Amino acid sequence: MAERKADEIFKEFKEHSIAEFFKKNRQMLGYSGKVRSLVTIVHEYVTNSLDACEEAGILPSIKVSIKAEESEEKYRIIIEDNGPGIPKAYVGKALATILAGTKFNRYVQQRGQQGIGAAGCTLYAQITTGKPIHVASWTGTGDGFECDISIDTVKNRPVTNNVMDFKSQGRGLRIEGVFGDLKYENSEHGALEYLKRTALSNPHAEIIFVGPDNTESIFPRSTDIMPTRPAPTKPHPLGLSVNDLLEFAHLSKNTSISEFLLETFSRVSQNKVNEIRDAANDVDFKKQPKEMSWIDAEKIIKALKDIKWISPESTNIRPIGEEQIRKAMQNIFMPEFMHVIERKPRIFRGGIPFVVESAVSYGGGSGKKTDEGYSGTIMRFANRVPLLFDSGTCAISYAIKGMDWKRYNLDIEKDPVSIFVNVSSPHIPYSGVGKESIAQEDDIIDEIKLAVMEASRGVQRYVSGKMNLEHEANRYEIIMRYAKQLSRDLSSLTGKDQERIEGEIESLVESKFPKLKKKPEENSTQLEGLEK
Ligand SMILES: Nc1ncnc2c1ncn2[C@@H]1O[C@H](COP(=O)(O)OP(=O)(O)OP(=O)(O)O)[C@@H](O)[C@H]1O
Ligand SMILES: [Mg+2]
């Protein structure tokens, strides 16, 4: 074979836009498998609606409708919210430009981050049906507009057509699209389950779902209290990798590395900068951060690890809250019993704050009905977003499965239990771009275990109490069955009144079973933890 020269080979050298890249690698955006692809679309739009409403201080009302189209595996998906809407000038960029959005570089807990989700949906509609998405937006100013939007994938730019203005006093966004290569399933991995869990972790949202069979499911809001907005904070130096530090440095407009460290990260004082400079002594702290090299960054990161730091602030985290979880669980499962735990903020990788919340519920609608009886369910959440896929690699499943459940009198394979875990952090370490599982960081696993163990202990007390009570009730019943016969025999032996003997035996037996004498509403074990 004749050799080819570099000049000739490099004539084929091309640059791709990010949209072209995702067109060929859609699985990286969560579009792998028909069932999962459908949930990905619902997830991207619903998380955007929740983020937008919260940002605007509006209690979210979101309606999701899924209708089967005539051709197989195609569905029309419509999402409507009562959020702030998107101004006309930004709608194309927001919904049809990959890596464009309002949420970059905010070191704060929020669902969306990269500016990929909504444009990814537009791209998916385009590559599976050849159709644009249709958007209507009302921004509360009296003016509304609607239009068709698609992506010019070569340039990663929006293409907007059929723009129509209309008058409306309303407010919100409505997106309608036809998407292909999908399958609707009413299962643990389906859209309905996704929305049910979204309602559970967002008690302030009202969510309505209309499925392909036209049945409507309504998840009313369990509270009118809007979650307070977490305050953005600067990243803590100990949470940084070499690559992170370089990215921050190269974006910085500061005039020296010293000034950059002082202004960009939390807990960095002039004294700390001096300590870092002494520890990384051959790095020139006077040069511009733009000029920081990989070697410089490695030395600074090493120096950061050798210095004592105050823990990071956690004001940028907003867990759901014990009371809100309790209300939502009660609303959705109406369990016999539940125990809810909110742990204190902790840190992982030395500098990234996170909070774990857990609830374990028993009975009522908890767990899953099976042919043999019941099985337990694990409900995983990251920053209030349900994680339905990739449980095998997730820190939450790993922590729960690794617990010795016999110690808690619970069998998670067979009992009607639901285990809820929400991890909140400004930086959730997802184990993949699909954002469906949390990486198995030791600090996070330990904290999840502690939260679930604590919640399970509460349920254990209830289950043991319930089992004891049932056992006592059986014994009481057996003894009472003989009381009548015994009183008759004693009466004929002693010649005394049978009714009196029977009464005395009954009070004697009852005194031996004090727990059973309590009326149900006085039995605090059964009511403890339920909404009163
Ligand atoms: N329902 C909505 N109401 C108002 N603005 C929205 C809505 N949906 C999307 N946006 C705007 O469009 C932008 C792009 O959304 P997109 O989902 O692509 O990215 P993101 O949510 O910022 O990040 P991620 O890729 O992690 O989802 C958002 O940052 C937001 O500004
Ligand atoms: Mg998004």
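Me: Which residue in β8 is the bridge partner of I208?
Reply: In β8 that partner is I218, where strands are DSSP E runs of at least two residues and helices are H or I runs of at least four, both numbered from the N terminus. This is a predicted model, in which local features need pLDDT of at least 70 and side-chain atom pairs count only at pLDDT 80 or more, while totals for chains, interfaces and linings use all residues. Residues are numbered from 1 along each chain as its sequence is written, chains are lettered from A and ligands numbered from 1 in the order in which they are written, and side-chain values use heavy atoms, with hydrogens and water left out.

Me: In what sense do β7 and β8 pair, parallel or antiparallel?
Reply: Strand β8 (residues 216–219) pairs with β7 in the antiparallel sense, over four bridges, pairing being assigned if DSSP finds at least two bridges between two strands. The two strands form a hairpin with five residues between them, and in the turn N214 has a positive phi of about 70°.

Me: And what does β1 do with β7?
Reply: Strand β1 (residues 61–68) pairs with β7 in the parallel sense over five bridges, and I62 has I207 of β7 as its bridge partner.

Me: How many residues of β7 are buried?
Reply: Four of the five residues in β7 (residues 206–210) are buried, so the strand is mostly covered; buried means under 20% relative accessible area with a 1.4 Å probe, protein chains only.

Me: Switching to α3, how many of its residues are buried?
Reply: In α3, 18 of the 23 residues are buried. The helix runs over residues 34–56 and reaches 34 Å from its first C-alpha to its last, close to the 33 Å expected, that is, 1.5 Å times one less than its number of residues. Just after α3, G57 takes a positive phi of about 70°.

Me: At what angle do α3 and α5 pack?
Reply: Helix α3 packs against α5 (residues 117–129) at about 140°, with the axes 9 Å apart. The contact (heavy atoms within 4.5 Å) involves residues including I41 and Y45 of α3 and C121 and Y124 of α5.

Me: Last one: is E447 buried or exposed?
Reply: E447 is buried, with a relative accessible area of 4%. This residue is found in helix α13 (residues 442–494) and, not counting residues up to four places away in sequence, touches R343, K344, R346, F354 and V356.

How values were computed. Buried < 20%, exposed > 50% of the residue type's maximum accessible area, 1.4 Å probe, protein only. Axes fitted to C-alpha atoms, helices over the stretch in contact; angles between N-to-C directions.
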